[in-house]
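Please examine the sequence and the structure shown below. The report that follows describes how the chain is divided and how its parts meet.

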Amino acid sequence: MLLDLESRLEESVLISDLSAVVLRHRDALGRVYIPYVTNQMYQEALCQRLWQGNGRFVAALRKLEQDPVCQRQSLKSFLVLPFQRITRLRILLENIRKLSPPGSETSPSLQEAIAAVHQIAGRCEDGVLRMKQTEELVRLEARVDFGRVKAVPLITRGRWLVREGELQEVTVQECPGTASITRRAVYLHLFNDLLLLSHREEGRFRVLDYANPCRVRAESLQVAPLGLPGEAFLLHIARSHTGTPTALILQPPSSADKEQWITAVSLLK
């Protein structure tokens, strides 16, 4: 693409068909940029490990970065250039569109080129998000213990974590003339296609139960008659992995958390 642009520049300082050049190379741009940007987090992590634990790498890198050709730029600044450039290309095309006269003969191809670069940048961002979601699942799976509960694989295509947090499971026991309330901590991991209920113990999660969110309902409670705090809500599991219905009274840290949990469960349902 750069060679194509250089050849246009040799013909005339005014490049009239920039959008045509972009469209000619859009497939190649996608093949290069999308995997590069998607894997950038691994690239950064590798550089960090080498910087901290490999003296030869540090010495070689410092020598390279002192070369005049680098213009005092660090390795990191060169590694982020590709994503910056695809973004700048989009901005350049959009500015050309703004400055072009209405009804210009290049308007259709310019609009198509902007859409193409937009799509590449969007797929880059989607790839980064999916990679981060997968990394999150990998880290979590190493800390989850199903114990006697039938295990399910956490790392599956298309799964991501929606919300997590520790709540208090509230149990009300009716006694003559009074009611006794007990609490125990329970940790919820709400994925787009799975709800895990666990006990957190020394940084690990011992699974108590799990269900598909489509079989889960969250709703507010009339807390005053039961003497419950206003943050409490009811989590009803129509069918868990055992096949039996379960109802839990849960108390999050705040009223805002309560509304967010109810909304998150309802949207997935």
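The chain is assigned domain 1 (1–142) and domain 2 (147–267), with bounds that come from an automatic or database domain assignment. This is a predicted model, in which local features need pLDDT of at least 70 and side-chain atom pairs count only at pLDDT 80 or more, while totals for chains, interfaces and linings use all residues. Residues are numbered from 1 along each chain as its sequence is written, and side-chain values use heavy atoms, with hydrogens and water left out.

The C-alpha centres of the two domains are 43 Å apart. Seven residues from domain 1 and ten residues from domain 2 take part in the contact, where contact means heavy atoms within 4.5 Å.

The size of an interface is often given as the accessible area lost when the parts come together. Here, domain 1 and domain 2 bury about 820 Å² between them, 69% of it on carbon and sulfur atoms; buried area is the accessible area (1.4 Å probe) that two parts lose on being put together, summed over both. Of the area that domain 1 buries against domain 2, Leu-137, Leu-140 and Glu-141 supply 64%, more than any other three residues.

| Pairing | Cut-off | Count |
|---|---|---|
| Salt bridges | side-chain nitrogen of Lys or Arg within 4 Å of a carboxyl oxygen of Asp or Glu | zero salt bridges |
| Polar contacts | pair of N or O atoms within 3.5 Å; within protein, one must be able to donate a hydrogen and the other to accept it, and residues adjacent in sequence count only if both atoms are side-chain atoms | two residue pairs (both at pLDDT 80 or more) |
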